Amino acid sequence: MEADALTLPDPPDVPSIVPFWIKHRTAITRTIAVTVFLFGWEAAVRWGGVSPLFLSSPSAVVLRLIKVFANGSIWPSVAATANVAAWGAALSIVVGVPVGILMGRSMLFRDTLEPFIMAMASAPIVAFLPLLIIWLGIGATSKIALVFIGSVFVIIVNTETGVRQIDYRLIETARSFTASEFDILTQIVAPGALPFMVAGVRLAIARVLIMVVVAEFYAATVGIGYLIFQAGSQYDTTLVFVGVVILAGTGVFANAALRALERRIAPWMHTDTTR
Amino acid sequence: MIEVRNVTHRFESAGRASLPVLNDVSLSVADGKFVSLLGPSGCGKTTLLRIIDGLVQPTHGQILIDGTVVNKPGLDRAMVFQEFNLLPWRTAQHNVEFALGLHGVRGAERRDRAIEALQRVGLEEFAGFYPHQLSGGMKQRVGLARALSTNPRYLLMDEPFGALDPLVREFMQIDLLKLLDAERRTIVFVTHSVDEAVFLSDRVIIFRAHPGSILEALDIDLPPRRFENDEAIKASPAFVNYRNTIWHLLKEQLRRPA
């Protein structure tokens, strides 16, 4: 029994893991907030006497959303909007990235173009739509042009920032190892600025969606923006929300995907494992 | 052989008087020698190293390597930088391959030579690590492997151990000497550590500042393979004597009114 005297008492019961509600606190509070919001909205329409002509309910929107996808009636609208958005975004990247690199690398280009780019980046681009329609008609071309002008400057500004933040010492190191200007562009500038370019595209996506919807409001015969506008004029508030949900979902998905891409291509910028 | 002939350099800045950095510096580095450029901050030793590398064109004077004028970086020289200057988006191995790729080495040969260079600095197990996952000493080993991978005749080292903590620094010095014992190279080594310069070098060139010029050149006659008994060497009368001589020269210099 002497051994018992030497045995230490068991340590007090300390929870070895962080409690569930602390570990997932943000997820829990977010879920609660969204649930309360949706429930309050549903209740207002169902029992609060709000007319469905003014405000649809979440349940009606979800059912309608399933219906339009199930019977395929939404696809022509989605296809038209996706076509304009994709072309506009692609053109912005193809033009914006080289111009941004040029401005980041050349003081002459930067000093010359800076005021113009800044003015365009902060101007209300939708105001150009009437002009674009006069020049390009009411088809997809004028909408693609609006999306392009609306998003290209964000990409230019971000790419330029990305190029300028590259550590000069890395460029000098490359020079020291006999790099040509082309080597520096492809092996230092492009990978160094890539995370900023992706961030620029991410910021541009929101503008792409705004531009395409506004363009479809103004002059279109097909598209999500047109669908929303038509639904609104017919007091079909459920269909309005269906369009909004599709656009918002696209935006959220694109944003998350590009954020994941940023983390993947630039692990050194999103890390706390530095020794 | 590297010859520095009457090099004078000024930093030009628009609208202001140019700042003299180096004033009429001449020296030569014989093949196979380890030569340190030692001096206080602002003595232009780093600028001189960059001029030797060909990154900077001197205002006057010239650099000759085996009688040929240097005016741009070349395949015969490789630099190791104080701040490592690794590409953050490349692994250790791909950072080494970066230099090889710029020298036109491709494919399997490039990969094999990168791995082999990492082996020489004892870092092969970390080939797949990114710089942000490596310690300071490891980063500089990658920097060294990158420079060695291209098999340069001249290794130009710009305060390579200046950003490391003292213990790591001593290990790196010993490992560098071991490495150079196995493969004889010509080294130009910039430092402001007197002990480091004496311990590593065959010859120490002491600079004065504002503007940088040579104060004294001192041959260090300590036994070879110093890495084998570094503590004994650093305690030896000869080492202490060299160190005191250099300290004395530097202090005399600083005591004079600027």
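This is a predicted model: local features need pLDDT of at least 70, side-chain atom pairs count only at pLDDT 80 or more; totals for chains, interfaces and linings use all residues.
Two residues are taken to be in contact if their C-beta atoms, placed from the backbone, lie within 7 Å.

Figure 1. Of the 275 residues in chain A, 32% are buried.

**Figure 2. The helices of chain A and the extent of the chain.** Chain A holds 12 helices and 0 strands, so that reading along its sequence gives the pattern α-α-α-α-α-α-α-α-α-α-α-α. The radius of gyration of chain A is 26 Å, whereas a compact globule of 275 residues would have one near 19 Å. Taken along the principal axes, the box filled by the C-alpha atoms of chain A comes to roughly 100 × 75 × 30 Å.

**Figure 3. The packing of helix 5 of chain A with helix 11 of chain A.** Two packed helices are described by the angle between their axes and by the distance between the axes. Helix 5 of chain A spans residues 75–105 and helix 11 of chain A spans residues 224–233, and the two pack with their axes 7 Å apart and at an angle of about 130 degrees.

**Figure 4. Residues at the contact of helix 5 with helix 11 in chain A.** From helix 5 of chain A, Ser77(A), Val78(A) and Thr81(A) meet Ile224(A), Gly225(A) and Leu227(A) of helix 11 of chain A. Sorted by class, this contact between helix 5 and helix 11 of chain A has 3 nonpolar and 3 polar residues, and no charged residues.

Key:
Residues are numbered from 1 along each chain as its sequence is written. Chains are lettered from A and ligands numbered from 1 in the order in which they are written. Helices (H or I, at least four residues) and strands (E, at least two) are DSSP runs, numbered from the N terminus. The radius of gyration is taken over C-alpha atoms; the globule rule is 2.2 Å times the number of residues to the power 0.38. A residue is buried if 20 or more other C-beta atoms lie within 10 Å of its own, exposed if 12 or fewer, and partly exposed in between; C-beta atoms are placed from the backbone. Axes are lines fitted to C-alpha atoms, for helices over the stretch in contact, and angles run from 0 to 180 degrees between N-to-C directions. Ala, Val, Leu, Ile, Met, Phe, Trp, Tyr, Cys and Pro count as nonpolar, Asp, Glu, Lys and Arg as charged, and the others, Gly among them, as polar.
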